[in-house]
Amino acid sequence: LDAVRQKAGDYLERMLLSESPEIVGVAEKSRLLDILGLSVHGPAKNWSDASQTIPLVMRVASIDNYFEDVVAGIVLSIGGLTENVTKQASASLLEWARSGERSDRVKLIGYLVLLFETHSGQSRWILPVLKTLDHLLTHGCLNDLANSEPDFATRCQICLDREASLSQNVFLLFAIVDVTTALLMALDKDAAVSRRLLAILCTLLQHRFPLVRGYTAHQLHPL
């Protein structure tokens, strides 16, 4: 994966810096060059180093044309199996969410829920999306939006309910429990969606897998 990241970065660098011929049609090229710190006479980047590359690429999400592609890549990295990549992606997204405007976070949750809805039943996407939502919720980045953007909590609840009924993947079910409890803790207790989220947990308390029942009971305890 380090080699793939290095090769992709090398090609990106060559494309953006090419003068003969110049590659035209690159959206917001000057801003992209500035964010990535690229110049014709500058040193080559070590794209293989996740600790350097991922925070750098995350900053590109501030450009609307690249927002969805960057966030999709970060989400998959958060749900990946390589500990260092997961750690860097999680930290970079958290920093971006905390340092940006409220409108950036609104756009972020909208796209995360869209991924949740679009990739229903596809664990390759659903598990990373769940891990990303859990990470943001447990670090308090979405608490205000959970209550002020009602569509967010409602759409999440519908997706959580659907995936809980579809999946037999224990780790995905654990992640559903995590996001459901994190969302419940962020919401006002009298919110109508809170009752529907509790219903998901009650259903999982009766799941045919003992591990799922036990995990759900453990996560319910702080509530």
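Visitor: Why are α9 and α11 called roughly parallel to each other?

Guide: Helix α9 (residues 150-166) and helix α11 (residues 192-204) pack at an angle of about 15°. Angles under 35 degrees count as roughly parallel, over 145 as roughly antiparallel, 65 to 115 as roughly perpendicular and the rest as oblique. So α9 and α11 are roughly parallel. Their axes, lines fitted to C-alpha atoms over the stretch in contact, are 10 Å apart; angles run from 0 to 180 degrees between N-to-C directions. One caution: this is a predicted model, where local features need pLDDT of at least 70, side-chain atom pairs count only at pLDDT 80 or more, and totals for chains, interfaces and linings use all residues. Residues are numbered from 1 along each chain as its sequence is written, and side-chain values use heavy atoms, with hydrogens and water left out.

Visitor: Which residues of α9 and α11 meet?

Guide: Ala153, Thr154, Gln157, Leu160, Asp161 and Ala164 in α9 meet Val193, Arg196, Leu197, Ile200 and Leu204 in α11. Contact here means heavy atoms within 4.5 Å.

Visitor: How do you know that the span of α1 agrees with its number of residues?

Guide: The expected span is 1.5 Å times one less than the number of residues. For the 16 residues of α1 (residues 2-17) that should be 22 Å, and the end C-alpha atoms are 22 Å apart, so the two agree. Helices, by the way, are DSSP runs (H or I, at least four residues), as are strands (E, at least two), numbered from the N terminus. The protein chain has 12 helices and 0 strands.

Visitor: Which residues of α1 are buried?

Guide: Arg5, Gln6, Gly9, Glu13, Leu16 and Leu17. Buried means under 20% relative accessible area, exposed over 50%, partly exposed in between (1.4 Å probe, protein chains only).

Visitor: What makes you say that they line one face of the helix?

Guide: Looking down the axis of α1, the buried residues fall within an arc of 105°, so they line one face. The arc is taken from the directions from the helix axis to the C-beta atoms. Ala3, Val4 and Arg14 are exposed on the face turned away from that buried side. The cover over the buried residues includes α2 (29-36), α3 (50-59) and α5 (83-99).

Visitor: Which residues of α2 are buried, and why are they put on the same side?

Guide: Lys29, Leu32, Leu33, Ile35 and Leu36 are buried in α2. Their arc around the axis is only 165°, which puts them on the same side of α2. Ser30 and Asp34 are exposed on the other side. Among the elements covering the buried residues of α2 are α1, α3 and α4 (64-78).

Visitor: What joins serine 20 and proline 21?

Guide: A cis peptide bond, with omega about 0°. Proline 21 is found in the loop between α1 and α2.
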